Amino acid sequence: MTGVYVHIPYCVRKGAYCDFCSTADRRDLIPAYQQALTQHMREAAPLAEGYLVDTVYFGGGTPTWYGAERLADLFGEIKERYKVLTDGEVTFEANPDSVTEKGLRALRKAGFNRISLGAQSANDGILRDLGRRHDWAQVVNAVDLAWKTGFENISLDLIYGLPGQSR
């Protein structure tokens, strides 16, 4: 068994706490990146012969800002070239403010079955201090939309140990 990780390094705004390779507001780079990812998947596929893929993970950045259609196309490429288990876990990361019902439906239809939401905190003050673009109500709305569109495997990323927090 093996897993496939696809890094989507684009987001609306890079958080000050973010240590991941990402760049903010550079939609102009996305078409070339999509083409490069597709080409790399084709080139790497022979190296994965004989392996079953039980996990596919799209992280970032903000994959949902990159676009549901592009993510679906990339996953289609993976399914075409790699032996992905039909019951494998297929995850994408999302920020609560980048989730739409249309996008979630498209991703679910493409075969994604898990969403990892970057909630970061349930405290609106901390979210503001972190420079997040969403509030807790948007997290709740995103979870509701995920349930509504057929996602049963939903996780929330939370940050703890921030300056000013107590035990």
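**Ground rules.** I call a residue buried when its relative accessible area is under 20%, exposed when it is over 50%, and partly exposed in between, using a 1.4 Å probe and protein chains only. Helices (H or I, at least four residues) and strands (E, at least two) are DSSP runs, numbered from the N terminus. This is a predicted model, so to speak of local features I need pLDDT of at least 70, and side-chain atom pairs count only at pLDDT 80 or more, while totals for chains, interfaces and linings use all residues. Residues are numbered from 1 along each chain as its sequence is written, and side-chain values use heavy atoms, with hydrogens and water left out.

**Entry 1, the overall picture.** I counted 6 helices and 7 strands in the protein. Read from the N terminus, their order is β-β-β-α-β-α-α-β-α-β-α-α-β. Along the principal axes, the C-alpha atoms fill a box of roughly 50 × 30 × 30 Å. For contacts, I use heavy atoms within 4.5 Å. Among contacts with a separation of 6 or more, 72% are between residues 24 or more positions apart.

**Entry 2, strand β6.** How many residues of β6 (residues 114-120) are buried? I found 7 of 7, so I noted this strand as mostly covered. In a regular strand the side chains alternate between the two faces of the sheet. In β6, Arg114, Ser116, Gly118 and Gln120 point one way, Ile115, Leu117 and Ala119 point the other way, and all are buried.

Next I looked at the strands on either side of the pairing list; two strands pair if DSSP finds at least two bridges between them. Strand β5 (residues 83-94) runs parallel to β6, joined by 4 bridges, and Phe92 has Ile115 as its bridge partner in β6. Strand β7 (residues 153-158) also pairs with β6 in the parallel sense, over 5 bridges, and Leu117 has Leu156 as its bridge partner in β7.

I stopped at Gln120, in β6. Gln120 has a positive phi of about 70° although it is not a glycine. Most residues other than glycine have a negative phi. Gln120 is buried, at 11% relative accessible area.

I found Ser155 in strand β7, and it is buried with a relative accessible area of 16%. Which residues does Ser155 touch, leaving aside its neighbours within four places in sequence? The contacts are Arg114, Ile115, Ser116 and Leu117. Ser155 and Leu117 are 38 residues apart along the chain, and their C-alpha atoms are separated by 6.1 Å.

I followed up Val6: beyond its neighbours within four places in sequence, its contacts include Leu37, Met41, Phe58, Leu74 and Ile78.

Which residues of α4 (residues 101-110) are buried? They are Gly103, Leu104, Leu107 and Ala110. These residues lie on the same side of α4 because they cover an arc of only 125° around the axis, the arc being that of the directions from the helix axis to the C-beta atoms. On the other side of α4, I noted Lys102 and Lys109 as exposed. The buried residues of α4 pack against α3, β5, β6 and α6 (136-148). Gly111 follows α4 and has a positive phi, near 115°.

Trp65 sits in helix α2 (residues 63-66) and counts as buried at 10% relative accessibility. Trp65 and Gly103 are 38 residues apart in sequence and 10 Å apart in space, C-alpha to C-alpha. Tyr10 is in strand β2 (residues 10-11) and is buried, with a relative accessible area of 5%.
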